[in-house]
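Subject: Structure handover

Hello,

Here is the structure you are taking over. Please look it over before reading the notes below it.

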Amino acid sequence: MKKLLIILIAIVLTLTGCGKNDDTPIDDYCWEQADDYAISDESSKAVTITVTAPDYAQLVQNILSEDSSASITIDALSEAISVSPDSVKEYTFISDSSDEDDIKAAFTDQIAKELAVAAISRTDSKEEWSDGQ
Amino acid sequence: MKRLICLILSVIILSSNAIPASVSATNDSANQNHVLGLQAYLDTDNDEYLLRNENYAYWGLIEDFESDIVKWELLNTIDSLIHCGTEPDVQKYTEVLVNIIATYDRDNATAISEQHKNDNKKSALDYAMDISKIGADAVGLMVSTDKSAGDLEKWISIAVSGLSTLAGNVDNWIDALSDLETLVQNYAHYDTFLALIQEESSGDLKIAASNLRTSMAKAMQIKLDSYTNILDENFEQYGEFFFSDVFFDALKLTSEYDSDENLKFFIDCGSKFADKINEYFINQKKAWDLGIAIGTLVGNIAVGGEDIINRLHELMALRDIGDILCEELSRIGSNYDTGEYDSIIAEKYFTLSHYLIGCRIRGEYCRYSIVASDSGLRSKFSFKNAEEAAKWYEEKCAKILAIQNSIKTACNAILVHVETSGYEVGELSEWYIYDESGSLCSNYTLRITSKEKMHIGAIIADDFTQPLEYVITTSDPLLLELDPGYWYGFEIVDNANTENILLFTVSVNQSSEGLIDMIEIHTDFCAAIQSETDPLESFIQNCDSRYFSVADISNFDENDCLYARNAIFAKSGWIFSNQELSNYFQKYSWYNPTVTADEFTDAMLNQYQIANRDLIIAFESGIEAPSANNTVYSNEDDNLLIIDRFTSWYRLGTDEYCYHIPMISLNGHYDYLINDRIYNQFYPLWENRVEQHYKEYGYPELSEIVYSLGQKDDLLSIVFQTSATMWDESSFYVYTISTETGEEVPFSELYRCYGLTESGFFDLVKSTMQKYWDKQIIDLAPNIDAGLLQGVIDKTLSADNVRTAIPYINKNGELCFVGRIYWIAGADYYHHLLNTSGYVDEGWIECTTDHSAN
């Protein structure tokens, strides 16, 4: 039953992906994959947003682990989502306002930040204080 | 140059009523000081510390980053999302260059203030000579670049002519001229730096350097042109800082601001810096501190906020600029020879070193801010929390600032100098010896300690066996005759303090027609050189500027400890009632006894002095400790110990038990710093845990406290772990320290000790966690949903989680680790101490103290 469900989700996601093409900006695509967002703190002008969406940092790394020189396109992301439908996460971030355009921009920034963290996480930090002699 | 000299002469004429009657021709030793200072600096390790890229974590991070295609693809994806570019662009390079230059502008504030004090003592003639020399030096520094040197010469001449309108008012005239001196000096430095970057770079960095150079030249021209309007009423606006708000406000009103895009970008960038810096340092009366505040505040003003991608680009820019500086400094340093006397080269070296220091501090700050703001990265880079990352940055700043200080010392230390009336073969020459304040010395002994024949640069004979000695007790010039073709060694001893010695040598060229070359070394340099080999001298000189470890003072005897401990207070001006100590510190030029015991407070000590004072005190008590072995913990101090593990629910009450944190004793000495750190981190945590439990349940309790020690080879691991209740997440600290130095070592040392690489260690962690779950699953599987169980196993074995594991050595000398095991109830995960067989490590130390007696 569970397998059947996964296959169904994969088919739906694949079909959804087929409707895309690389003319669509990738940030629009990422935003479309997100569930409805929730505003959790509106006490000041900036608002805190929570939204569940694919774990893009993980998905991009999955794609690159298969082929380190692969280009990250919407098709590649769609395929990765279909292969790992459970790879979702809850994003929490701050938006300048409750306007949807602002929230989308903040969401995109959050994904970019997490990708940057993923990239830096792959870095080794060697530090050895010496005069080199 | 002719134009400049003519104008200087015109200023002299305008001010001729202020010229003193008798001034003999002098050899200014300032240039020689730079030459000698550079030689002394190159003889230390500090230049190597500065130039060695591997010493800097930001450099390693960005080098490693760029060598991995996957990371580039991740950056490409980020670029697709937010269109930030994968590399720094012209604007980013420009911002980073402005940051480095503006920081240097302000960092000169102290030197400028000192210079102004001295300037007020100068006569008009002195001033005219100064501006002539500085203008010539500035042009000389820039002469190898391009036509900008000629432009500067023209602009200075316009500015100086403007100053003639102030000549009637000597005070204002001097202030304005003093500011002009500084401005010209600094501008020459900026242009030298930008010219180098422009010449040695390519692509966007080259364009940025070129644009910035052109824009700054335009701004400088506008600034110097404005001197034609200088009046008594407005002279204060002609300040010494290039990056001043008044100046940038004026620039915004020019037509060029609207018509020149590059100039506008520079003015906006510089203006932002000037406004903020004034607000912060002047309105809030904060002191300028090149280190932490500059890495943070100044950099952020010029280059932007804490955005991680912004930081990555800045790191790339800093690496590119730093690489060019390193290469040039290495080239100058390796070819440098005081025999080829060239003060311009020495000045260039110091200037570029300052800019490289700026790159290093800012680079380490960017790396720190990236890592500290993300928990995953903190863990990846071995920081347990943001505070620990901040401490790393502070310590790194202290190391870089020690280099900065040594550069400043090399530039400025030679204050005592010797002047002669010029030398004619076969005739007596007049020698004037000046002290640090510029006054003629009148109570000294001059010795000629050696006289050696020169032959094509080599010494072939030493025919001077008995030192010649002249005891001088007046300020009359000393009359000397030197033979051409010889090297002379001189020694000048202050008769009031015979340890105050100035050493210098003189060579009289074989074909001399009246000129001599002198090399001199100030007493501070003698002390600095001595401190390289004398640990006590090093401690005394540096106890207020860096942290010392037990290894640094391991050979101190009781007397050394006495002087070292009191040097910390002497640095703050303590007036010693003990005559011996008072005499001892009088020999140091920095000792200024002004604070009585009643007036003294700890607030007069800086962080280094406090830490070093405590280190010495702890070390002195360690010397007296009867037991001295390498690795055992001791628990003599009943007020502080905690060594128990409580495996069951445990009621805490001060009337029932006492608790201990052991002191670690290494090589017979208590290493204060590591013990202090353990105590300060663990004790508050433990108290918070108890308090947390008390607030929640109404009574204090701890679920467990673990303390363990283990050693392999020269490494010692100490583990603390505690939790308030059975179900909350535990907290732990792991310290791995070198038993040789008492200092913490990176995890890589531990991996090395067990023949592992970092990735090998994490593979081991993963397989161990798998073994752990293989054992657990046998009991859990029948009762718990398989999907739920698999979920926590997967989370435990995920790469991200595996990489949070912290290695340590258990009491059997085995490699173990603290790892996060995800769980199905309670906290998300618990920290487990696991050995490589997948069992919980039970290597903790059982307390042997009889608590029931309390």
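Predicted model: local features only at pLDDT ≥ 70, side-chain atom pairs only at ≥ 80, totals over all residues.

Residues are numbered from 1 along each chain as its sequence is written, chains are lettered from A and ligands numbered from 1 in the order in which they are written, and side-chain values use heavy atoms, with hydrogens and water left out.

Chain B

Chain B holds 30 helices and 20 strands. Helices (H or I, at least four residues) and strands (E, at least two) are DSSP runs, numbered from the N terminus. Of its 854 residues, 53% count as buried. Buried means under 20% relative accessible area, exposed means over 50%, and partly exposed is in between (1.4 Å probe, protein chains only). Among the contacts in chain B with a separation of 6 or more, 67% come from residues 24 or more positions apart; a contact means heavy atoms within 4.5 Å.

Helix 16 of chain B has 20 of its 28 residues buried, and is thus mostly covered. At 1.5 Å a residue its 28 residues should span 40 Å, and the end C-alpha atoms are 40 Å apart, which agrees. The expected span is 1.5 Å times one less than the number of residues.

Thr86(B) sits in the loop between helix 5 and helix 6 (90-107) of chain B. Thr86(B) is buried, at 18% relative accessible area. Apart from neighbours within four places in sequence, Thr86(B) is in contact with Trp72(B), Leu75(B), Asn76(B), Asp79(B), His313(B) and Met316(B).

The interface

Between the two chains, 38 residues of chain B are in contact with 34 residues of chain A. Together the chains bury about 3,400 Å², 64% of it on carbon and sulfur atoms. Buried area is the accessible area (1.4 Å probe) that two parts lose on being put together, summed over both.

Five residue pairs are in polar contact between chain B and chain A (both at pLDDT 80 or more). A polar contact is a pair of N or O atoms within 3.5 Å; within protein, one must be able to donate a hydrogen and the other to accept it, and residues adjacent in sequence count only if both atoms are side-chain atoms. On the side of chain B that touches chain A, the elements giving two or more residues include helix 3 (46-51), helix 4 (57-66), helix 5 (69-82) and helix 16 (308-335) of chain B. Helix 5 of chain B gives the most, with 10 residues. By type, this side of chain B divides into 19 nonpolar, four polar and 15 charged residues. Here Ala, Val, Leu, Ile, Met, Phe, Trp, Tyr, Cys and Pro count as nonpolar, Asp, Glu, Lys and Arg as charged, and the others, Gly among them, as polar.

Ile69(B) lies in helix 5 of chain B. Ile69(B) is partly exposed, at 40% relative accessible area. Leaving aside neighbours within four places in sequence, Ile69(B) is in contact with Ser68(A) and Ser69(A).

Salt bridges

The whole structure has 24 salt bridges over all chains. A salt bridge is a side-chain nitrogen of Lys or Arg within 4 Å of a carboxyl oxygen of Asp or Glu. One salt bridge is counted between chain B and chain A: Asp68(B) pairs with Arg122(A), with the closest N and O atoms 3.3 Å apart.

Within chain B, Arg213(B) forms a salt bridge with Asp191(B), the closest N and O atoms being 2.9 Å apart. Arg213(B) lies in helix 11 (residues 203-225) of chain B and Asp191(B) in helix 10 (residues 170-200) of chain B, so the pair ties together parts 22 residues apart in sequence. Arg213(B) is buried at 9% relative accessible area, and Asp191(B) is buried at 3%.

Arg331(B) and Glu328(B) also meet in a salt bridge (2.9 Å, N to O). They are three residues apart in helix 16 of chain B, and so are separated by about one helical turn. Arg331(B) is partly exposed at 43% relative accessible area, whereas Glu328(B) is buried at 9%.
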